Amino acid sequence: MKRIILIIEDDIIFSRSISNWLKKNNMETECVTHLSSARRKLSSGEYDLVLADLRLPDGNSTELLRWIREINLNVPFLIMTNYGQIENAVEAMQLGAANYLCKPVQPDKLLEAIGKVFSRIRHDMNEFYRGESDKAREMYRQISLVAASDISVLLRGASGTGKEHIARELHEQSRRKDRPYVTVDCGAIPEELAASEFFGHRKGSFTGADSDKTGLLQEADGGTLFLDEIGNLSYRTQMLLLRALQEKCYKPVGSMKERRFDIRLLAATNENLEKAISEGRFREDLFHRLNEFTIRVPLLSECPEDILPMARFFLERFSKEHRISLQGFDCLATAAMRKYRWPGNIRELRNAVRSAMLLATNGWITAGDLKLDLSIKPEDNVVLSEDEKERQLLMKMLEQTGNNKTRAARLLNMSRTALYDKLRKYGIPPGES
């Protein structure tokens, strides 16, 4: 899906020039000349980024930033300004603008700034709990070993285990971290459009090619290309991709000119590719090209020590996102999460926590809120670790005292310092005293 950018600029010729440049680079744009028009657009539509001149006929873009903050609209903002207005641009940054660009804006600098904004957004979206179980530690050790190199890495693991997060980690720890990171859903690329998607095309090269298109290899040039669920590529598309990877060059559809590219290649699969090779569905030479180093991403059920900390991580994250205050998971919910096998892995845990958080009514998430396919009754012999018992005692004491640390510490027969140490140990936000 193309990114949609709202351009706010009263210089019509300059606005049109920027718009055309962004469209050539596979983005959609809408243009307005006044803050009032921008407010109407932002109130009724969804945009991936706002690109605004600092001074406009009906005011300053900082006014729009204040309005965006007041209505809690989450949209990144880039400011364009003349050198003499840098001081005002800094004010805009303090109000939440992602960055500012000095006029005259150079197209390459503009693309670079936009790329950094979207890269930061992807990183924030992929913020993730880093597991502490033995299998998770081993996986992250392997990531650290291979991240700095340029060899291809194949991530193998079941659906929902977080392979895309691991790919992102590899990119963030590499020498290419400030360059593009491009994700490809291989199952979403039709065979007839594969060449155009990967290599791009020239205007008029086939029916429907109304403008030049930038291919995925060019988008990722200098950075990382992540091929998600590589087993879904058709055999013919595998052949096209392999040839380009071997020769490190390609021709856009409809062009006679070869383009060279330089990428770090990552791929992921939940399929048995060796079986696919034996059945003639996957090319063995492409498999070896992708599989220079393998990282196995474990099942959530193989990392039982990570289940509860990860659930708490998701709860804290979603609580901030939805502005809902909860104490945590009660004893039966905790036991249910430990007992459940999580066939959908981390994705299923994340969705279960989000849903339960919205259902919870008494300040605690219960086993019933989680809606897991198992039965744990109050009379069941639920065994909790000593740490978990202590953590729940602390949380209930804070709830009982209205989060008064002095009273809670007195009731627990410990000092305030010792109480704060315990809160830090169990990752309980201290809140107000």
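These legends describe close-up views of a predicted model.

**View 1**
Strand β1 covers residues 3-8, and six bridges join it to strand β2, residues 27-32. The two strands run parallel. Within this pairing, Ile8 stands opposite Val32 of β2. Between β1 and β2 the chain passes through helix α1, residues 12-24. This β-α-β crossover is right-handed. Strand β1 is also joined to β3, residues 49-53, by four bridges. That pairing is parallel too. Here Leu6 faces its opposite residue, Val50 in β3.

**View 1. An open sheet of five strands.**
The strand order is β9-β10-β13-β8-β14, with parallel pairing. Strands β9 (181-185) and β14 (293-296) form the edges, and each pairs on one side only. From one strand to the next, the twist averages 20°. Five bridges link β9 to β10, residues 224-228. In that pair, Asp185 has Asp228 of β10 as its bridge partner. Helix α6 packs on the sheet. The helix touches β8 (153-156), β13 (264-269) and β14. Its direction makes about 155° with that of β14.

**View 2. Ser133 in the loop between α5 and α6.**
Helix α5 spans 107-125 and helix α6 spans 134-147; Ser133 lies in the loop between them. Ser133 counts as buried because its relative accessibility is 2%, under the 20% cut-off. Leaving aside residues up to four places away in sequence, Ser133 touches Cys303, Glu305 and Asp306.

**View 3. Helix α7 within the structure.**
Helix α7 runs over residues 163-172. Eight of its ten residues are buried, so the helix is largely enclosed by the rest of the structure.

The structure holds zero disulfides. Cys186 is buried, with a relative accessible area of 0%. Cys331 is partly exposed, at 30%.

**View 4. Residues 376-383 and model confidence.**
The chain has a mean pLDDT of 85. Of its residues, 91% reach 70 or more. Over residues 376-383, pLDDT stays under 50. For this stretch the model has twelve contacts beyond four places in sequence. Where pLDDT is low, predicted coordinates should not be read in detail.

How values were computed: Residues are numbered from 1 along each chain as its sequence is written. This is a predicted model: local features need pLDDT of at least 70, side-chain atom pairs count only at pLDDT 80 or more; totals for chains, interfaces and linings use all residues. Side-chain values use heavy atoms; hydrogens and water are left out. Two strands pair if DSSP finds at least two bridges between them. A crossover is right-handed if, with the strands pointing away from the viewer, the path from the first strand over the helix to the second runs clockwise. Buried means under 20% relative accessible area, exposed over 50%, partly exposed in between (1.4 Å probe, protein chains only). Contact means heavy atoms within 4.5 Å. A disulfide is a pair of cysteine sulfur atoms within 2.5 Å. pLDDT is the predictor's confidence in each residue, from 0 to 100. Axes are lines fitted to C-alpha atoms, for helices over the stretch in contact, and angles run from 0 to 180 degrees between N-to-C directions.
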